[in-house]
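Let's sit down together and learn to read a few features of a protein model. Bring your questions.

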Amino acid sequence: MTNIPYKIYLEESEMPRQWQNIRAFMKELPDPMLNPATMKPCTAEDLAPVFCDKLIEQELNDIDPYIDIPQPVLDFYHMYRPSPLVRAYNLERELNTPAHIYYKFEGNNTSGSHKLNSAVPQVYYAKEQGITQVTTETGAGQWGTAMAMACGFFKMDLTVYMVKVSAEQKPYRKAIMETYGAKVIPSPSNTTEVGRKILSQYPETGGSLGCAISEAVEKARQNDNCRYVLGSVLNHVTLHQSIIGLETQIALDKYGIQPDMIIGCAGGGSNLAGLITPFICQRLQGKNNIRFIAVEPASCPSLTRGRYAYDFGDTGRTTPLLKMYTLGSGFIPSPNHAGGLRYHGMNPILSKLYHDGYLEARAVEQSKVFAAAQTFIRAEGTLPAPESCHALKVAMDEAIRCRETGEAKTILFGLTGTGYFDLAAYQAFNEGKMTDYIPTDADLQPGFASLPQV
């Protein structure tokens, strides 16, 4: 079809009223989350001191294919959703490719990213349970900002442990979180026992998401009226993010468009899982043959170089054990990595799909990622988040391959947010100061050595 607009918008009435649960469609489920004290599958009672009850129910749900979105969450969603699906005509011309390139844009809210899709229901469920305060971690800052927005709206106290190197690189992220009323603490810090322990071992560390998670979980456990919330990795987060893919599917169906490949950046896995949800569910039923590609940073390559094993979700080894592709909870990314996606492991659902051959994975260096961003900015006019640019880079690679082969494939990628809080990284690239770091096998070995014996 030739009369496809630049932007495909949905009416509010077309926005999905339910999330879709990938686990209910899987022929073989991921291995269960384990209680590290008993080495038995986690029960709701095991998780209750840390997570809200409704989120635990969703986390363990492998039966219901669809789960209703509460009306107060829908009301909040309507402030910024449905989000547009964009045909990148100018990028296609710039690349001189016969490929059709589409991106689902999730940056049209103050947090600048898709993270708000899960922050809103998580805070809503906490409020409904009578919880008065929540804790969380943030790496590049999108999740912390989204949580600050949601907590400001629902009048909930929030403490954010922000990876120290990110807090230093992105002070304005900290500022906007504090404007919404959040307390932001660079991690590792001296405010928790695990933070003090990590600082004693690695006094110069720039921190990691694993460190920040440990601190946030410790703080949540200290107060019966406090719970911990997580912005990626876990099943209930991918459930909430399914609204991205469901909207995308509705928009594509309007114009009879069928993607040949769907590409997403992958750190903990939430945006990628959300984007592919309805399409991978169809694939699991034998209804399509779409290629699904996860793109991760070469400096934190959990899928492409990690091990499929049980591991802790945090550096302090306080969380349940997850079966996932991981670099080991002791892995800390290089401080020069500015592109986000710095978590040591991958969502168990995506890990299982990758292990079973439904998902491809590629790792790219950050200098190439920012070069792709520069091409995109000049062609399409939007400054993308560095995380999104990982998916963009591979989408451009595939479009160039179409130019070489003459194939007019349809490429869909996730533009997870904007990069206006990431200008220090863009400045480093513009000034030629950005360097690439690819860990050697020896660099990865300490992280693998930290894997629990299960």
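**Reading a buried helix and its aromatic neighbours**

Q: Which residues of α10 are buried?

A: Buried means under 20% relative accessible area, exposed means over 50%, and partly exposed is in between (1.4 Å probe, protein chains only). In α10, the buried residues are L209, G210, C211, A212, I213, S214, E215, A216, V217, E218 and A220. This is a predicted model, in which local features need pLDDT of at least 70 and side-chain atom pairs count only at pLDDT 80 or more, while totals for chains, interfaces and linings use all residues. Residues are numbered from 1 along each chain as its sequence is written, and side-chain values use heavy atoms, leaving out hydrogens and water.

Q: Why is α10 described as largely enclosed by the rest of the structure?

A: Because 11 of its 13 residues are buried. Helices (H or I, at least four residues) and strands (E, at least two) are DSSP runs, numbered from the N terminus. Contact means heavy atoms within 4.5 Å. The cover over the buried residues of α10 includes β8 (133-138), β9 (157-163), β10 (183-187), α9 (193-201) and β11 (226-228).

Q: How many aromatic pairs does a search of the whole structure find?

A: Rings of Phe, Tyr and Trp (its six-membered ring) pair if their centres lie within 6.5 Å; planes under 30 degrees apart count as stacked, over 60 as edge-to-face and the rest as tilted. The search finds 17 aromatic pairs. For F76 and Y80, the ring centres are 6.4 Å apart and the planes at 80°, so this pair is edge-to-face. F76 is buried at 4% relative accessibility, and Y80 is buried at 7%. Both belong to one aromatic cluster, formed by F76, Y77, Y80, Y124, Y125, F153 and F154.

Q: Which residue lies over the face of F448?

A: A charge sits over a ring if NZ of Lys or CZ of Arg is within 6 Å of the ring centre and within 35 degrees of the ring normal. Over the face of F448 lies R307, at 4.1 Å from the ring centre. Likewise, K323 has its charged end over the ring of Y308, 4.6 Å from the centre.
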